[in-house]
Amino acid sequence: SEEESSIISRFQQYLKINTAQPTPRYHEAADFLISQGKALSLESQSIEFVAGKPLVLLKWEGSNPNLPSILLYSHTDVVPSEHSKWTHHPFSAHLDSSGRIFSRGSQDMKCVGMQYLEALRLLKSHNFRPLRSLYLAFSPDEEIGGHDGAEKFADSSIFQSMNVGVVLDEGLASPDPHYRSFYAERSPWWLVIKAFGVPGHGAKLYDNSAMENLFKSIESIRRFRSSQFDLIKAGFKAEGDVVSVNMVFLKAGTPSPTGFVMNLQPSEAEAGFDIRVPPTADPESLERRIAEEWAPSSRNMSFTFKQKAHTRDKSGKPILTKTDSSNPWWALLENAVQKAGGKLGKPEVFPAATDSRYFRERGLPAIGFSPMANTPVLLHDHNEFLHKDEYLKGIKIYESIIKVYASLDDNGRDGASKDEL
Ligand SMILES: CSCC[C@H](NC(C)=O)C(=O)O
Ligand SMILES: [Zn+2]
Ligand SMILES: [Zn+2]
């Protein structure tokens with residue numbers, strides 16, 4: 001239909017703006033989003049916590065602005081892509097004959113940002129009036145850690161004045177018909193271990209060389225990695241519930257103009273690991289393992305963290321969003337998805353890091369949810385795509401969620417008029 005094709009073309013317009021790190025065209029994206037907000041008569045502002053990195057904030061005021069508000073959150077930046085390895089250019093937003101829209105950001109997460117806007121458009125056209133205020137935030141820099149985006153935003157007086165009660169943020173596509181939802185995420189610990197040792201002739205067998213010392217650690221780390229991976233392979237645990245460890249760099253050897261010196265055992269060797277720690281893992285025991293088994297000073301080793309996000313809040317409780325009846329937003333999400341004809345799978349721990357952590361750290365409930373069922377997980381991959389029918393279905397899902405969320409009164413009941421129910 002005509003309506004459908006204008007929805008898709010607005011999505012394509014957003015996708016075509018090259019917001020890839022490390023040089024995202026943030027102002028182009030902000031101008032586009034503000035024009036979308038204006039077309040929907042939303043209050044709009046662009047906030048630069050850091051110059052050149054705008055966060056677009058749109059608002060639809062509720063009839064009871066004193067109630068905690070709903071924040072529909074997304075990030076505008078995308079990861080880089082190797083253009084030559086894509087079938088269609090990653091910023092062409094090519095719609096193929098089977099209905100797939102190929103673009104960097106089609107899953108992560110320009111889809112979600114535009115779906116929020118389209119859902120508001122539907123609600124406005126049906127004369128819906130929110131009880132709670134609705135905010136849409138389009139944030140920079142998620143892909144590089146969110147420090148100049150979500151982190152500064154969550155720390156700001158603007159955020160405080162918004163009186164946010166719940167945040168919706170990104171999830172992951174699901175290859176099966178169930179939508180996925182996320183109540184927590186694993187914390188990145190980026191570990192660098194360094195081994196020192198006795199240098200010597202390449203032909204000599206001796207103990208306590210840097211390479212031998214490092215390899216003892218690598219062997220120990222690999223055993224641990226297997227033990228965790230086996231839990232997933234055996235079906236005992238989900239990806240987000242184990243500690244993952246992957247070696248991401250190895251640095252050693254004595255350089256020479258023709259490569260590396262071959263008959264010299266070096267005195268230093270280094271390796272880097274991307275470790276992801278679930279909120280329920282015991283961080284102290286992992287720290288001990290690192291200090292005693294993976295980088296023990298007794299084996300002439302040292303270690304540093306390039307990043308070490310905490311898994312617990314100040315009172316020592318794991319940082320996560322409740323999924324039980326103490327959190328009305330979860331049950332409301334399930335109902336709303338169901339009402340719109342969707343099915344929600346069991347809540348999961350997001351395997352990587354998202355901006356949700358900045359909101360959860362402040363004690364706010366944050367739910368990771370990107371309505372993409374029957375879709376392969378292609379975030380950060382070549383040929384990232386989303387089928388237009390899944391995109392359109394997702395808009396209906398958000399329409400349903402936003403209706404229910406924005407209508408929740410302070411007694412925990414649906415405060416919408418009977419007509420709205
Ligand atoms: C720690 S900042 C980097 C954030 C990135 N997020 C995703 C979703 O890939 C990651 O987990 O590596
Ligand atoms: Zn993302
Ligand atoms: Zn991403």
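Predicted model: local features only at pLDDT ≥ 70, side-chain atom pairs only at ≥ 80, totals over all residues.
**Exercise 1. In which loop is the place of Asp77?**

Residues are numbered from 1 along each chain as its sequence is written, while chains are lettered from A and ligands numbered from 1 in the order in which they are written.

Step 1. Find strands β3 (69–75) and β4 (94–95); Asp77 sits in the loop between them. (Strands are DSSP runs of E, at least two residues; helices are runs of H or I, at least four; both are numbered from the N terminus.)

Step 2. Asp77 has 25 C-beta neighbours inside 10 Å, so Asp77 counts as buried. (Buried means 20 or more other C-beta atoms within 10 Å, exposed 12 or fewer, partly exposed in between, with C-beta atoms placed from the backbone.)

**Exercise 2. Work out how Asp77 and Glu142 are related.**

Step 1. An unreviewed UniProt entry annotates both as "active site"; such annotations may be inferred rather than shown by experiment.

Step 2. Look for Glu142 in the loop between β6 (134–139) and α4 (147–155).

Step 3. Setting aside neighbours within four places in sequence, the contacts of Glu142 include Asp77, His75 and Asp355. (Contact means C-beta atoms, placed from the backbone, within 7 Å.)

**Exercise 3. Is Glu142 buried or exposed?**

Count its C-beta neighbours inside 10 Å: there are 24, so Glu142 is buried.

Definitions and conventions
Contact = placed C-beta atoms within 7 Å.
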